[in-house]
Amino acid sequence: MSEMKAIYLKDYQKPLFSIDKVDLVFDLYEEYTTVTNTMQLRKNDADAKDLELSSTSLELIELWINDLQLTSSRYDYADEKLTIFNVPTAFSIKIINKIYPQNNTELEGLYKSGAIFCTQNEPEGFRSITPYLDRPDVMSVFTTTVIADKKRYPILLSNGNKTQCHDTFKERHAVTWLDPHPKPSYLFALVAGDLGCVNDTFTTMSGSEIELNIYCDLGNESKCAHAMQSLKESMTWDEEKYGREYDLEIYNIVAVDSFNMGAMENKGLNIFNSHYVLANEDTATDANFMGIQSVIAHEYFHNWTGNRITCRDWFQLTLKEGLTVFRDQCFSADLNSAQVQRIKDVISLRERQFVEDASPTSHPIQPESYISMNNFYTATVYEKGAEVIRMIHTLLGAEHYRKATDLYFETFDGQAVTTKDFLWAMSSASGVDLSQFEKWYHQNGTPKLHVHEQFEEGVYTLRLRQKVPNAIDGKTQEPYFYPLKMALLDSKSGDELLAQTLIVSKEEETFIFEGLNAKPILSINRDFSAPIIIEQDEVNYAFLMRHDSNSFLRYESAQSFAVETLESIIRGEAINAAFVDAYGYLLDLDADLSYKALLLELPSIGVLMQRQTEVDFEPLYEAKEQLSKHLALTFKDKLLALYAQYHKPQCDAIDSKSMGERALKNRVLHLLSALESEDVLTLVKTQYETSLTMTDRITALDILENTSAFLAEAALADFYAKYKNDTLVMNKYFSILAASHREGTLQRVIALQNDAVYDAKVPNLVRSLIGVFARNYKHFHAKDGYGYAFVADKIIEIDTINAQIASGLAGAFKIYEKLNPTNKTLMHKELERVVSTHSLSKNVYEIISKILKMK
């Protein structure tokens, strides 16, 4: 493993050369593709002699400088580098090389998704297309000509505006595209295929008419309407909230089935995983519709926060991703329920990022080093990065934040910059000193805040103590700076006595509130104003569940009370009657239905797991099953009444009211299913058979799979027969079976690999079957060790096909350090087996070696 060299932020150096213009010609054939790459370069450093271009897995045919074809003595091509000796100060280079997209299973660079040529170049895929200065701080103007067979590939797309169509060939044709905005190579894109298209237009605030196109497989055009509507809503929102207008004549989106990520913001030509484009009421759940709206917005917002202003180097990734996630979260909150959106954001952060922060793969939102950059497209960089931007927004206030983003866009448009540049704009426009706040970019782990309350003679004292974890290398980290929203509530009425935002900046500090008649009830970290863990000695959760006007704190109190109750069950104590009573109060609460559904949800196994010093999953499942059954028995009549009130099987609308009704009735149906009674199973079966929406059918199918093998068999067979030709829907089918709690789940997952629908080369299918099983805590962590062995086998196998997907699967082992001795021994055996595999990719090696703490 001596070749697994880390790259360090401290070693960053400016590029020795600039590329002013790039002219690319792609000649696409079934057996190969020829790329002609003509670049205009100049030296940034007069002392530079040799030009080094990154180059991976391609066949060099010709190499020219100006009008001179170079012989092999003028260059060296080895170790993923093309080095050209003794280049002049300013010059033109022409490179002709051959690549084989049809054999590219890594899905980086140029590859084929089914019959479609497409690209994915972030972070370092472009070097497998043609030799290049493949780094984000080299920004160039690209002209691209795509040549292909007319019948097989009538649609030819690239970045920017279409400038010319060439139809002079007999059986082939060509299209030339020009992107006038300088961009790094990771934003280059190309698509060629026989595609369906949905068209629309958008008129910008300055009156420009933009052509909008969404391309997809023929026959899927009817599933693009929601994506198109989401795009237009995103364009309007960005103009209204940030003053950002679209800057090309055309905006294209292409949906493909084989894609490693969710989507890619290539300038003017976004390429999407079809999961985040295609939807109708029959094939997509409410969560799918919301996800499409969010991801469409995210990629569009990147046009300014990522494309017009990009990253200087990949260590700055959160500069574009954290900021853009915050923007898409705010967009979704504005268009839907803000309280529901905020809670779901926090749920995602805790389920994914808090777990990462507590693992050996913990890292700051701006990492200091990496072996494979693909491993740092993480919840930390994205979701925690977004929380950091949210804290800046809170500290500055909405008005100053808008002034600061305006300054950021005006100052750095067309540049590759750093997080320091962003913080400079935030501070300069607002006058807020963010020097201590910057620690959020460089320290890892989730900070805790210990809260101590005291009340004497009308004076309430709040003592806060920061508990900052050590860095991953054991070094001591310093106190953070953050906003802490809080309120004091009257202990009888629940009325708000005061509400303010405290600034926490020291290891220990005290805040004093005078003139109070009685000890108040503390409501702290409202709206989840800082991504921290609050530690309080005694909390009246039942009171806060009833009286706190802050929607997040009411949800937080319900979750915390449930966690406290579940942990008492694990200790062998009786079920807490006070929690049961409080849960009954929530059932009667008059609230937004989607919000109410969240209030009624019991904590996930993932949340419970994080609180254990030594994790053993069996007691967690047993406690949750016990509490669920008790609540279902206690409130059965009330739950059935709620279900009857909101179950509308013939409603397939996707407005907020209809989605809220489905969310609530499916939440209570899940709880009722804990009874496994005949009357409830009949409701579930009928819902599957009669409901129009995929949301209702998937909920019913999941319940049947986990409660009645007999009923599940018939429903699953029906589902398979209806949707076997729709890959996106079949992802749901595989996920339900892989997540099942029934015995024999692993054996069925193994068998499903031989299903005609499954293909190990399609990332969505791998994630839905193998990836979901690896998150099935019950069976993945079974004490026979077979779950670990199976996933280890898959990592080794898939690593030879697609290293990025394999390293994603390896993340399931991050919990290693916290496991009980039995599971830890079993997992260690499989980790050692994976890391000792010959020719293991650097992607997987980096993850496993960190888990094992290898030097």
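Author: Buried means under 20% relative accessible area, exposed over 50%, and partly exposed in between, with a 1.4 Å probe and protein chains only. Before we go on: this is a predicted model, where local features need pLDDT of at least 70 and side-chain atom pairs count only at pLDDT 80 or more, while totals for chains, interfaces and linings use all residues. Residues are numbered from 1 along each chain as its sequence is written, and side-chain values use heavy atoms, with hydrogens and water left out.

Reader: How far is the sulfur of Cys-165 from the closest cysteine sulfur?

Author: A disulfide is a pair of cysteine sulfur atoms within 2.5 Å. For Cys-165 the closest cysteine sulfur belongs to Cys-197, 14 Å away, so that is too far for a bond.

Reader: And Cys-224, buried or exposed?

Author: Cys-224 is buried, at 0% relative accessible area. Its closest cysteine sulfur, in Cys-216, lies 3.8 Å away, which is still too far for a bond. Searching the whole structure turns up zero disulfides.

Reader: What should I look for in the backbone?

Author: Most residues other than glycine have a negative phi, and most peptide bonds are trans. Here, a cis peptide bond joins Glu-122 and Pro-123, with omega about 0 degrees. Pro-123 sits in the loop between strand 11 (116–120) and strand 12 (140–149). Helices (H or I, at least four residues) and strands (E, at least two) are DSSP runs, numbered from the N terminus.

Reader: Which loop holds Glu-457, and what is its phi?

Author: Glu-457 is in the loop between strand 25 (448–456) and strand 26 (459–467). Its phi is near 50 degrees, positive in a residue other than glycine. Glu-457 is exposed, with a relative accessible area of 82%.

Reader: What about Asn-525?

Author: Asn-525 isn't a glycine, yet it has a positive phi of about 60 degrees. You'll find Asn-525 in the loop between strand 30 (521–524) and strand 31 (533–536). With a relative accessible area of 3%, Asn-525 is buried.

Reader: Zooming out, how many helices and strands does the chain have?

Author: The chain has 27 helices and 31 strands. Its radius of gyration is 28 Å, close to the 29 Å that the globule rule gives for 855 residues, so the chain is as compact as a globular protein of that length. That radius is taken over C-alpha atoms, and the rule is 2.2 Å times the number of residues to the power 0.38. Of the 855 residues, 59% count as buried.
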